[in-house]
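This briefing concerns the structure shown below.

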Amino acid sequence: MPIKRLFCRNFLTASPGINGRSFQTNPGQQGFALPLALGMGFVLMTLAMATLITAQSDRTTAWQRKESGASLAVTEGGLARTLAQLTNPNNAVLLTRNYDTINPKTGKTYLGADALVNNGDEETAAIDEWASASSTSTCSLSNTATAPNMTYTGMIGPNGKYTLRAYRYNSVQQTGTFLVEGQQGSNPSYVMMTIAIDAEPTNFPGILTQKQVSLRNGRPILGSNGNVYYNPDVSPNPTLKGSAAPGDANRPAYLSAIEAASTDNISGTIFACALTPTFSMTAPTGATSLGNVTSNLNISGTGGGIKAYQASQISLTNNTMTVDTTNGPVYLYVDQAVQLWGTAQIQNIRTDGVPPRVGDLRIFADWFRVYGTACIQTAFLFADPPYGLHLDSTADGCSSPGNTNVDGVVWGTHVLGYSGGSSGIGVPDDVSSLSDILTTINLPIRYKFGQVKHWQQVRL
């Protein structure tokens, strides 16, 4: 072996070190630096990936929030446009009708009758009462009204689109609930808003008969809504087709047509106009049976909707039937007649300090007869054809100002006031609680939305 190579080999394997010790390589430490470097690199790479993923997630979240915010702005803009359209007189009639389209994800309507999303009462068929709505009337004075004209969808900005998905009217609470969808980007937004629906009746029919009105002996119709609608074809003067307000030159002819006295005791306008309201006279399933009502009785409404009662007949002599509508409306279905003698009373009351509303007590019967000094107080009366209301009363029976035996709204086939007395009917000034029934006679009425009751962003 060459001397140079031998020297190098010996030096590397047995070189004297400090204090004579040799520097020798430990086989267990060989290759430690490389795995350590690789491990540190992997850790750093993992941290870098985690940081990148976090940054990307934050970026995605920020983008989604930006899109959601833009969609919400579009939704609110679409809701504002929808409300603006409903301020038009020809569209205001829609505020008491329902519109509910099909949600493609569920195959059912968006809201359902209770105006809540995903609450189980959604229908499988779309509800569209807006398409057939009309603000025209069979009365000649209203034929100038135009049909509704609504736009259900539109653009907000260059990329935002909104759509009215549903609208539900609650006739008991007199509220309307909108569901509007807005979208800008891939994330849609949904907003529900519930508003109060206020009615501004025009020429409200305080008295409506499908046939004859006979107000003999000067029986009065009192109140700012004391308007009388009658069928001219069965009146003493079938040529009359218009109307006559108090003081009009043609007023005597209309007074004669309803067999009223020459002294004008009708507060409102008289309309020669045949209107045919339709109501179900059958008590709904679950109505509470009262049997024959012949003595004092107290009944009441319950929270959560209309409380229905069914009676075979009501025949009271000097007795009182008290109906408490504090907790909700009461509908009373009578198979035969409602007859009151002497000082008998049917009273609509509230115990919360709020005045009772005429629309919260509705009585459906074959006919009504009021004798003596009896009174039906703050109620809507509907008499099924061929009968109506017969006033056989002799004097004032109601506690309200004026000489009346019925304080309320009377619709039916006839309103006949016989010559034995001079008391009549007082129609309340506030009839807003009956705004829903005007859809049954297609009579124009001005509706408007009031305060916002509820606003909520929802998920579908």
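Strand 7 is mostly covered, with eight of its nine residues buried. The description rests on a predicted model, in which the protein averages a pLDDT of 84.

**Strands 6 and 7**

- Strand 6 and strand 7 run antiparallel and are joined by nine bridges.
- Alanine 166 has leucine 179 of strand 7 as its bridge partner.
- The hairpin formed by strand 6 and strand 7 has four residues between the strands, and glutamine 174 in this hairpin adopts a positive phi near 55°.
- In a regular strand, side chains alternate between the two faces of the sheet.

- Arginine 165 and glutamate 181 form a salt bridge through their side chains, with an N to O distance of 3.3 Å.
- This pair links distant parts of the chain, since arginine 165 belongs to strand 6 (residues 160-170) and glutamate 181 to strand 7 (residues 175-183), 16 residues apart.
- Glutamate 181 counts as buried because its relative accessibility is 11%, and the limit for buried is under 20%.

**Other salt bridges**

- The count of salt bridges in the model comes to eleven.
- Side chains of opposite charge can pair when their charged atoms come close.
- Arginine 369 and aspartate 392 form a salt bridge in which the closest N and O atoms are 3.0 Å apart.
- Here too the pair links distant parts of the chain: arginine 369 lies in strand 23 (residues 367-372) and aspartate 392 in strand 25 (residues 388-393), 23 residues apart.
- With a relative accessibility of 18%, arginine 369 counts as buried.
- One network, joined by salt bridges that share partners, comprises Arg350, Asp352, Arg357 and Asp360.
- Aspartate 233 and lysine 241 also form a salt bridge, their closest N and O atoms being 3.1 Å apart.
- Aspartate 233 counts as exposed at 51% relative accessibility, whereas lysine 241 counts as partly exposed at 47%.

**Threonine 82**

- Threonine 82 is located in helix 2 (residues 33-85).
- Its relative accessible area is 0%, and threonine 82 is therefore buried.
- The side chain of threonine 82 reaches the backbone oxygen of glycine 78 at 2.9 Å.
- Apart from neighbours within four places in sequence, threonine 82 is in contact with Met150, Tyr162, Leu164 and Phe178.

**Threonine 373**

- Threonine 373 sits in the loop between strand 23 and strand 24 (375-383).
- At 26% relative accessibility, threonine 373 counts as partly exposed.
- Threonine 373 and alanine 344 are 29 residues apart in sequence, yet their C-alpha atoms are 7.6 Å apart in space.
- Beyond neighbours within four places in sequence, the residues in contact with threonine 373 include Gly342, Thr343, Gln345, Thr394 and Asn405.

**Confidence in the model**

- A pLDDT of at least 70 is reached by 81% of the residues.
- Residues 3-23 remain under 50 in pLDDT, and the model has 15 contacts beyond four places in sequence for them.
- Residues 140-144 are likewise below 50 in pLDDT, and this stretch has seven contacts in the model beyond near neighbours in sequence.
- Where pLDDT is low, the predicted coordinates should not be read in detail.

How values were computed
Residues numbered from 1 in each chain as written. Predicted model: local features only at pLDDT ≥ 70, side-chain atom pairs only at ≥ 80, totals over all residues. Heavy atoms only, no water. Salt bridge = Lys/Arg side-chain N within 4 Å of Asp/Glu carboxyl O. Helix = DSSP H or I, 4+ residues; strand = E, 2+ residues; numbered from the N terminus. Buried < 20%, exposed > 50% of the residue type's maximum accessible area, 1.4 Å probe, protein only. Polar contact = N/O pair within 3.5 Å; in protein donor to acceptor, adjacent residues only side chain to side chain. Contact = heavy atoms within 4.5 Å. pLDDT = per-residue confidence, 0-100. Pairing = 2+ DSSP bridges.
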